[in-house]
Amino acid sequence: MTRKQRRLTMIGGSLTVLAIAAALVLNAMRDSIVFFSTPTMAAEKQIPPGQRFRLGGLVQPGSLVRGDNLAVNFSVADGSATVPVAYKGILPDLFREGQGVVTEGALDASGVFRADTVLAKHDETYMPKDVADALKKQGHWKDDYGAKPGAAAAAAPVQGASK
Amino acid sequence: MIAEAGHYALVLALGLALIQSTVPLLGARWGDHALMNVARSTALAQLLFVAASFTALTMLHVVSDFSVANVFENSHSMKPLLYKITGVWGNHEGSMLLWVLILALFGGLVAAFGNNLPLSLRAHVLAVQGWVAAAFYLFILVTSNPFLRIASPPIEGRDLNPVLQDIGLAVHPPMLYLGYVGFSISFSFAVAALIEGRIDAAWARWVRPWTLVAWIFLTLGIAMGSYWAYYELGWGGWWFWDPVENASLMPWLAGTALLHSAVVMEKRNALKVWTILLSILTFSLSLLGTFLVRSGVLTSVHAFATDPARGVFILLILCLFIGGSLSLFAWRASSLKQGGLFAPISREGALVLNNLLITVACWTVLLGTLYPMVHEVLTGNKVSVGAPYFNLTFGPLCLGLMLAVPFGPLLAWKRGDLLGAAQRLTAAGIAALIAIAVLWAWTWGGATFAPLVIGLAVFVVAGAMTDLAERMALFRVPLGVAMARARGLPRSTWGSAFAHAGVGIALIGIVCETTWNSEYIGSMKPNDVAKVAGYQLKLDGVTQRQGPNFREMIAQFAVTLDGDELRVMTPSKRNFTTRNSSTTEAALLTRGASQLYISLGDTNADGAIAVRIYHKPLVLLIWWGPVLMAFGGLLSLSDRRLRVGAPKPAKAARALQPAE
């Protein structure tokens, strides 16, 4: 093979791999991007039941009800709208009423958000960034949610029973 | 007093870095040996001063001097000594100080042990190290000074985030940083080569051990971090595809590609331009990782720092170094001469394929990591890219790579024989097929895909052994001769076989854990029994205990398998009063490479505890694999070629230096 042919083989091979990778990326991007919504945004957009998204807001004080076998019901609110959430599993260490929370799942036919993941931050002063931004945008931001600059926070996504 | 001394030492280190980044360059331009040698002394002095500064901060933490803001915010007088020390890098300012300490350490190592480098190359390398160091000293001094005092000192500190009070986190950041920052050396070598406009096989031979050292630490650091997340965060996950994890994975991928392309350059003097580019990209990804972690720009489960001023500063550093080095590359790369020729089917060709697949896989990770940020800037909508994306893109590319891995080492340099390699891999292929058949029969009706992937992993492991067996001519010559040949094999051959086998072993662990993981989640009262994967776990009772800076609730589980009493497992929940936060301490029971895992949730009003129990088959292989890879790297590092092969020590080399 001449130098030119070799180079063409190389370039051809590289382009093939790149094309495969691009196809994989586009395919994956179509299915596995999850949007973030607050309860108000969810109501405005009329997200159809079954479509996965992340719901973020404040846990409505007084809404937390623990059922049998680790079933938990609570409401996520952002000041103007509320979405009931059903979750089965262990809530993260710092899940509290009145605190910010981000959950992932989908709405069911009756309008209840079936969460399979509850993301929580291991810091009592921490407000999830998504939630804080969304609340600020809607004018419901209060400074006493107190995202202290530099407050160390680590968190774990908590998987529900369904895998 | 100690704080001021530490601060002052850091300022002096900045001054030294500035000298180191300019004077040696002038020396190289004028051919002045004395000026070029300035690099060596400044690099060593810089290391001394940063070490002094770091020691000062450590002392402040140990004596709990709460008049220093950093100590106040991250320490507590009741905290155990070990965590007082590790707490130094458990926060933003301290971890940046550790970052520059390691940078200075690598610079010092090049200065101290780089006697066999040509003088001008060493001067250039250390000057580039000086630029990086100066930028980061400025960053620390301007935006994140760890030595700031508080006007009216409080009596007690706010304590370290409890999740970080763990031995895993004591070791993880230094390891990771040794890897991250270690790649600065190959970056400096690449930039120095571009400035000098000269690069040859000897260059690759100098760069390879440094890259290898960084790669070994990064491998162990990532594995360590993953194991920490597994046992500390309490739900048994070991990889979240979190931006911060991706930030460490990307330099690792690029570094792996670099290791392989440097082999081609060293052995065959080919792929020069590509190797230089990879060196630049690897460190650029390290810088990007530092940016992602330290600026809090991405919504991330690891969001440790949230301060825009810092983000902008690091972004500037990032643009300056990545932009600068890539421009230099665009300008000078054409001056590097083309290297040796090779056919597409050859060892070089296989290594090119390896590089291609790894870098493309790295790009898909980069895309997935940055996509939410770009999307938000463009549309204002928040999105998250989760595990499914990475499984669908990174997964297939890696599987493709796995299929090719066993062939690479069996191909000859320059022109290889694919058919011959395939014939020699027959035994490995048969082993893979047997593994697939056995697994299918065993898990009849279960997962279909998992046995195939495990078969592939077996193929990789068996392929690595085939390579060794071929080289020592096992079964073809008498055993004694084969053993003698085995001893005679270069260490790097053993190294690559171990590293490749490590990849396969990690893959087996990953597939087994994700496919056949079983779990029980429920609330339990004393004397309740949970059954998971044939094990019976009886909750004996719950006790309370007072720790140094926390209260702990411990549950005792008696574990039995087929009526045999195995052990008592004691998961616990710790409540840290200072921060009013709690952590879950999982209990682990290791059986071979599999583990039983218990973590506790909330206690209900009626006294029942929420419990999460997992059985994770062969989960430990996920971390044994990387340990094996690192061991392979270590073997390769001890190869005498890398020690003896490089040109002789300074005096001889200097005498041979052409007067430029």
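## Exercises on chain B

Gly504(B) counts as buried because it has 25 C-beta neighbours inside 10 Å; the cut-offs are 20 or more other C-beta atoms within 10 Å for buried, 12 or fewer for exposed, and partly exposed in between, with C-beta atoms placed from the backbone. The model is predicted: local features need pLDDT of at least 70, side-chain atom pairs count only at pLDDT 80 or more, and totals for chains, interfaces and linings use all residues. Residues are numbered from 1 along each chain as its sequence is written, while chains are lettered from A and ligands numbered from 1 in the order in which they are written.

**Exercise 1.** Locate Gly504(B) and list what it touches.

*Solution.* Step one: Gly504(B) lies in helix α18 (residues 491-516) of chain B, a helix being a DSSP run of H or I with at least four residues, and a strand a run of E with at least two, numbered from the N terminus. Step two: leaving aside residues up to four places away in sequence, Gly504(B) touches Ala457(B), Val458(B), Val460(B) and Val461(B), where contact requires C-beta atoms, placed from the backbone, within 7 Å.

**Exercise 2.** Describe how α13(B) packs on α16(B).

*Solution.* Step one: helix α13 (residues 387-404) of chain B and helix α16 (residues 449-471) of chain B have axes 9 Å apart and an angle of about 40 degrees. Axes are lines fitted to C-alpha atoms over the stretch in contact, and angles run from 0 to 180 degrees between N-to-C directions. Step two: this angle makes α13(B) oblique to α16(B); under 35 degrees is roughly parallel, over 145 roughly antiparallel, 65 to 115 roughly perpendicular, and the rest oblique. Step three: Leu399(B), Met402(B) and Leu403(B) of α13(B) meet Val453(B), Leu456(B) and Val460(B) of α16(B). Val460(B) is also among the residues touched by Gly504(B).

**Exercise 3.** Which orientation does α8(B) have relative to α9(B)?

*Solution.* Step one: the angle between helix α8 (residues 201-232) of chain B and helix α9 (residues 243-268) of chain B is about 150 degrees, and their axes are 9 Å apart. Step two: α8(B) is therefore roughly antiparallel to α9(B). Step three: residues in this contact include Trp215(B) in α8(B) and Trp252(B) in α9(B).

**Exercise 4.** Summarise chain B as a whole.

*Solution.* Step one: chain B has 21 helices and 11 strands. Step two: 55% of its 660 residues count as buried. Step three: its C-alpha atoms fill a box of roughly 85 × 75 × 55 Å along the principal axes.

Conventions:
Two residues are in contact if their C-beta atoms, placed from the backbone, lie within 7 Å.
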